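Let's work through a few exercises together, each with its solution laid out in steps. Keep the viewer open as you read.

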Amino acid sequence: MRKSFTVSVALIGVALAATPALAQTDGPAAFDGLYVGGSFGGAAQPNDIGSSILFDRDRNGSFGDTVITAPTATPPGANAFSPGFCNGRATSSSPTTGCRNDKDGIEYAARIGFDKQFNHMVFGVVGEFGKAEINDSVSAFSTTPAFYTMTRSLRYNAAVRARVGYVAGDSTLFYATGGGAYGRVRNSFTTSNGSNAFTTNGSKNAYGYSAGGGVEQKLGEHFSIGLEYIYTDLKDNKARVGVNPGTAGATNPFLLAGAGGTDFRRSDERFRWHSARVTAAFRF
């Protein structure tokens with residue numbers, strides 16, 4: 001997916017580079033007023049190296065406990081998750097087979113904005129609503145053996161950003177942009193453990209910011225196309241998985257603290273991705 005993402009960015013760049021010859025100069029106010037449009041491109045996530053799952057054995061809201069294989073004694077039981085973790089989706093119950101990389105994918109959005117041009121300077125605001133087709137997983141492996149995978153994905157996302165730019169040659173706008181971002185995050189969970197029962201808390205709202213920059217090329221009086229890079233960072237720290245007895249016995253590692261089960265969450269609290277898109281706009 002990362003290779004195809006790189007190729008798509010290169011193709012967008014080639015297409016944009018070919019447009020100046022088609023552009024028409026619209027004078028000093030080429031980027032002034034209300035516009036509507038959309039964007040389409042690719043989204044790629046940074047590698048969450050070191051991501052893991054944190055445990056709360058006594059369900060007191062404090063995470064970071066060690067799940068053990070036997071009741072606390074002298075010496076205490078062994079770490080039930082000594083096989084470790086991976087920053088991806090488990091492909092089996094053993095970490096030796098590796099994990100599937102997080103999914104990168106396409107993204108698309110509709111947008112509406114307003115700009116005001118003063119000589120060569122442009123100041124404006126843009127709002128967009130769409131979806132990035134990405135997901136982000138982390139997996140834990142127990143000595144049972146079994147895997148436990150937490151995954152976050154987007155139902156939809158939106159942003160409202162300011163932008164400021166400079167118009168070169170009357171018809172080419174170079175700009176920086178930044179502002180608030182929102183995502184409706186779907187949290188899901190899978191496991192190969194068939195003994196315990198599990199509860200999850202589904203979808204959550206996540207808030208953060210997005211920032212980047214781009215270039216927009218006017219083509220005629222009303223139409224423009226562009227190339228844009230955006231980095232988005234959302235705080236997603238509400239996902240929880242509750243491990244309950246199910247058919248497991250009293251010596252089950254998740255039950256040994258006497259709280260009736262164990263809760264766990266992801267160690268990484270940010271849902272982040274890079275976007276490269278081609279944009280199109282009709283200006284009234």
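A polar contact is a pair of N or O atoms within 3.5 Å; within protein, one of them must be able to donate a hydrogen and the other to accept it, and residues adjacent in sequence count only if both atoms are side-chain atoms. This is a predicted model, in which local features need pLDDT of at least 70 and side-chain atom pairs count only at pLDDT 80 or more, while totals for chains, interfaces and linings use all residues. Residues are numbered from 1 along each chain as its sequence is written, and side-chain values use heavy atoms, with hydrogens and water left out.

**Exercise 1. Find the side-chain partners of Arg-59 in polar contacts.**

Step 1: Go to the loop between strand 2 and strand 3 (84-86), where Arg-59 sits. Strands here are DSSP runs (E, at least two residues), numbered from the N terminus.

Step 2: List the contacts (heavy atoms within 4.5 Å). Leaving out residues up to four places away in sequence, Arg-59 touches Gly-242, Val-243, Asn-244, Ala-259, Gly-260, Gly-261, Thr-262 and Asp-263.

Step 3: Pick out the polar pairs. The Arg-59 side chain reaches that of Asn-244 at 2.9 Å and that of Asp-263 at 3.1 Å.

**Exercise 2. Why is Arg-59 classed as partly exposed?**

Step 1: Recall the classes: buried is under 20% relative accessible area, exposed is over 50%, and partly exposed lies in between (1.4 Å probe, protein chains only).

Step 2: Arg-59 has 29% relative accessibility, so it counts as partly exposed.

**Exercise 3. Which strands pair with strand 1 (residues 33-44)?**

Step 1: Strand 6 (residues 105-118) pairs with strand 1 through eleven bridges, antiparallel; here Val-36 faces Ile-112.

Step 2: Strand 16 (residues 270-283) also pairs antiparallel with strand 1, over ten bridges, and Phe-40 is bridged to Val-278.

**Exercise 4. What is the average pLDDT of the protein chain?**

Step 1: pLDDT is the predictor's confidence in each residue, from 0 to 100. The chain averages 89, and 88% of the residues score at least 70.

Step 2: Where pLDDT is low, the predicted coordinates should not be read in detail.

Technical notes
Pairing = 2+ DSSP bridges. Helix = DSSP H or I, 4+ residues; strand = E, 2+ residues; numbered from the N terminus.
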